[in-house]
Amino acid sequence: MRLHPRVIFVVFQLALTLSLGLAATHARATTLKVGIYDQIPDIYIAANGRPAGILGELLNEIARREGWTLQTQACDWQRCMQLLTSRQIDLLPDVYYTPERATAINFHHVPALHSWSQIYTLPGKTLRSITDLQGRTLAVLAGSAQQDYLRATLAGLKIDTQLVPVQKLDEGFQMVSQHQADAVAADFYVGELMSRDYGVSATAIVFQPTQAFFATPIGKHPAVLAAIDRYLVGWQADPDSFYFRTLAHWRSSEPSSVLGRNAAWIIAGLSSLLALVLIVILWLKIRFGHQRQHLQSSVRRQDAILESIDAIVSIKDASLRYVFANHKLEEFLGVGPDEIVGRRDADFITDPASLSAIEQSDQTVLETRERNVSQLSITRPDGSDTRTLLTIKAPLLGSDGAVEAICVVSTDITERVEAEKKAHQLTFYDSLTNLPNRRTALDRLSLVMEHTRRDRAYGALLQINLDGFKKINDTQGYHVGDQVLCCIAERLSHMTRDRDLVAHTSADEFVVLLDELGPEQHDAARTAMHVAEKLRLAICGNALTLPDSPAFVTASIGLTLIDADSASTDTVMREADMATQRAKEQGGNQATFYERDLQAEVEQRLWLEHDLLQAIDTPQLSLYLQPQFGRDGRVTGGELLARWRHPTHGPISPALFIPVAEESGLIGLLSAWTLGVACDTLRTLQALGETYPLSINVSPKRLMEPQFVDYVHEILEQKGVPGNRLIFEVTEGVLIQDFQAVAQRMQALARLGIRFSIDDFGTGYSNLASLKRLPLYELKIDKSLIQDLPDDTDGIAIVRLILAMADQLNLRVVAEGVETEEQSRLLFLHDCHALQGFLLARPMPIENWLTIVRERRQSSQRNSA
């Protein structure tokens, strides 16, 4: 059963009332500490210690009805804000809303007070616009929104005005009255009161319409704010409520008239004047009678005109109640004559979105006091129809410049808008698939090319051509072909991002436009190929569901990258088309790049990624061990190196498959496998009496994973291996990513006993002063610095510098890539701790090294026997 919209609205109202009632019940036992700064008439503390002023009286009344206990805390404005953000007070009245403040404190939703800011100065001084503040001094409340607004505005307009912060606004008015400042900025309500006390006048400079709220600390007293909103909503809907009586009280001046000693003569004179006035009134009454008849005739003619025009015409007062409505509005709302005047839109409009659009445009006119033109989609009260109205709203201003009413003229343009939508759809979209057409694709391609030139990032164009589509049309008919195209369009749209463009450009051809693929060519190409393969499989992976029978379709996809050097849209489209033709020539049902070299590179990376995943935890992948030797020839440690022997391609270099593992996310699996094998090897070596540590390379991505420390701890406990037998080798590059985070992660691992080595030291960037803050154990001199020794004098100087620095930092040093006796002697001469390289031992399978260890152990036992 489908509920009527009005029933849903009533249920919503009941639920809202119930939730607000529960919030009020919770709030009744509340004691609130209220911060109050002296801002008469908005807020201040009365002699009895209670809140006073406009907002003070509103708060007292709400507290009385809700049963709250209020405790006041006197403070100046800046101190009040500090107490609120530090949660030392519970509530602060008279806080202007700004987006910055909303991140630090909580506001309720309905403004407690609407106002604006104005400049005040001594009578006789001319201040007509903000440019007249050039070279003057202006007093402002310290820390206020007015101070921030004026500082930004004056700086933006390059107006040299000295802002003088004051803790209380009455200090600013006093400075102006004593000629210590040229002017003072104040809220309208405050300025209206203080201008009389200090003999200053309001100027024509009005700025920053504001809304005052009550505020609480973040996360505190949501029920209190909800209760305040509830009372404000009710009060502001009733012109005779406590709210409006309070405003009227504070805006009225106390009458003060004193009759002096000549009171009798004054009264006699007034009596004579009254008699004269009565005579004049009698004469005017006769004359005005004739004018009234003329005016009534004019009004009847105007009413006839307003009732006859084909537009909705109405007038609302400042509280947004209707004071006039023509019959077109009565027809639209479905009400009879004289049922609109005195009521608001909320009394008729039940659709929340429609009501919000109307009220928002009304509020814009009230706040800006300017004409507003908008296009509104309004649902009729009975929910039967939604109409598009071109609405013009003009403010009717009083003599004081305030908005007294809003004149609204709305024209129904629904049919015109629908016609424009249809014309746009036919121009830019394919009528069969509802996808963008070739024209739209070319326009979007131009935008993507502009973005790539500006951002120096890659995009890609994929052209998708259905294999054998003509055969489907010829054998099964065009209606089946149309169904195939619609199914393909749906699959392509489902498999792409919202910001990607999928277009139907010809009978059997689609294009997909990708942007924001990053600044690196190989990353962009890899991503584009992944998308192409995903789309190809989406097309051919499952049969298309058709009304008559399922159908299988394959596609040839041509790809081309879009970069800053792409010449034109025609060039890019031609490249994608040539790539598509090459895919078809090679048998179809495949994705092919326009650039052959790029195609080969992408294909290699794709099979590397795929086959590496299959190789983990199989004999294809193994760890080799290369021992490290000290000066006395003893083994001081070893490094485990990953090796991959592909069943088809043979040995694959780690320099090739390790980066692929990093980029594809397989590095996590590879690292886990390496750590497990390292722990098993250490246990075997320990059983053979060997206690030197083993080094493994740790990926920067793996090191920065939040769960990595817990994972290492779990593996060490599971394998029964002490952490100090493992050395994690990290590259210098990891130290410049986020040094603080890296240091914290390394410290956490060090507490497990793990030791760290800087791999390939001397080839990257290291802040040497930062090395002391890391739990480092050793440095490994890169083989590129060793290979030309001892003939390279610069190389000798660098190696000696590294060794001297390591000695000062108490770090162990291992030299990699040692291949000659001369290199060995030179390094040991300068106190290098250990060497690693072909001169001493080549990397070998772990089992081969364990066999050597066992043979040495057996030989040693025989000799000792």
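Trainee: Is aspartate 515 buried or exposed?
Mentor: Aspartate 515 is buried, because its relative accessibility is 10% and the cut-off for buried is under 20%. Keep in mind that this is a predicted model.

Trainee: Which side chain does aspartate 515 meet in a salt bridge?
Mentor: Arginine 499. The N to O distance is 3.6 Å.

Trainee: How many salt bridges does a search of the whole structure find?
Mentor: The search finds 29.

Trainee: Which residue does lysine 780 meet in a salt bridge?
Mentor: Glutamate 729, at 2.9 Å from N to O. Lysine 780 lies in strand E28 (residues 776-781) and glutamate 729 in strand E26 (residues 726-731), so this pair ties together parts 51 residues apart in sequence.

Trainee: Are those two buried or exposed?
Mentor: Lysine 780 is buried, with 0% relative accessibility. Glutamate 729 is buried too, at 1%.

Trainee: What about glutamate 705, which residue is its salt bridge with?
Mentor: Arginine 702. Their closest N and O atoms are 2.6 Å apart. Glutamate 705 is partly exposed at 21%, whereas arginine 702 is buried at 10%.

Trainee: Which residues are linked in a network of salt bridges?
Mentor: Arg380, Asp385, Arg387, Asp412 and Glu415.

Trainee: Which residues of H18 are buried?
Mentor: Among them are Thr569, Val572, Met573, Ala576, Ala579, Thr580 and Ala583. Now think about the turn. An α-helix has 3.6 residues a turn, so residues three or four places apart point the same way.

Trainee: What happens just after H18?
Mentor: Glycine 587 takes a positive phi of about 115°.

Trainee: Which residue has a positive phi although it is not a glycine?
Mentor: Leucine 320 is one of them, with phi of about 65°. Leucine 320 lies in the loop between strand E12 (312-317) and strand E13 (322-325), and it counts as buried at 14% relative accessibility. Asparagine 434 has a positive phi near 65° as well. Asparagine 434 is in the loop between helix H13 (414-428) and helix H14 (438-455).

Trainee: Where are the cis peptide bonds?
Mentor: One joins isoleucine 40 and proline 41, with omega of about 10°. Proline 41 is in the loop between strand E1 (31-36) and strand E2 (44-45). Another joins leucine 789 and proline 790, with omega of about 5°. Proline 790 sits in the loop between helix H26 (783-786) and helix H27 (793-808).

Trainee: Last one. Which residues form a negative surface patch?
Mentor: Asp788, Asp791, Glu821 and Glu822. Glutamate 821 is in helix H28 (residues 821-829) and is partly exposed, at 45% relative accessibility.

Terms used: Residues are numbered from 1 along each chain as its sequence is written. This is a predicted model: local features need pLDDT of at least 70, side-chain atom pairs count only at pLDDT 80 or more; totals for chains, interfaces and linings use all residues. Side-chain values use heavy atoms; hydrogens and water are left out. Patches are made of residues with over 30% relative accessible area and no salt bridge: like charges are joined within 9 Å, nonpolar side chains (Val, Leu, Ile, Met, Phe, Trp, Tyr) within 5 Å. Accessible areas come from the Shrake-Rupley method with a 1.4 Å probe; for residues, only the protein chains shown count as cover. A salt bridge is a side-chain nitrogen of Lys or Arg within 4 Å of a carboxyl oxygen of Asp or Glu. Lys and Arg count as positive and Asp and Glu as negative; His and the chain ends are not counted. The place of a charge is taken as NZ of Lys, CZ of Arg, CG of Asp or CD of Glu. Helices (H or I, at least four residues) and strands (E, at least two) are DSSP runs, numbered from the N terminus. Buried means under 20% relative accessible area, exposed over 50%, partly exposed in between (1.4 Å probe, protein chains only).
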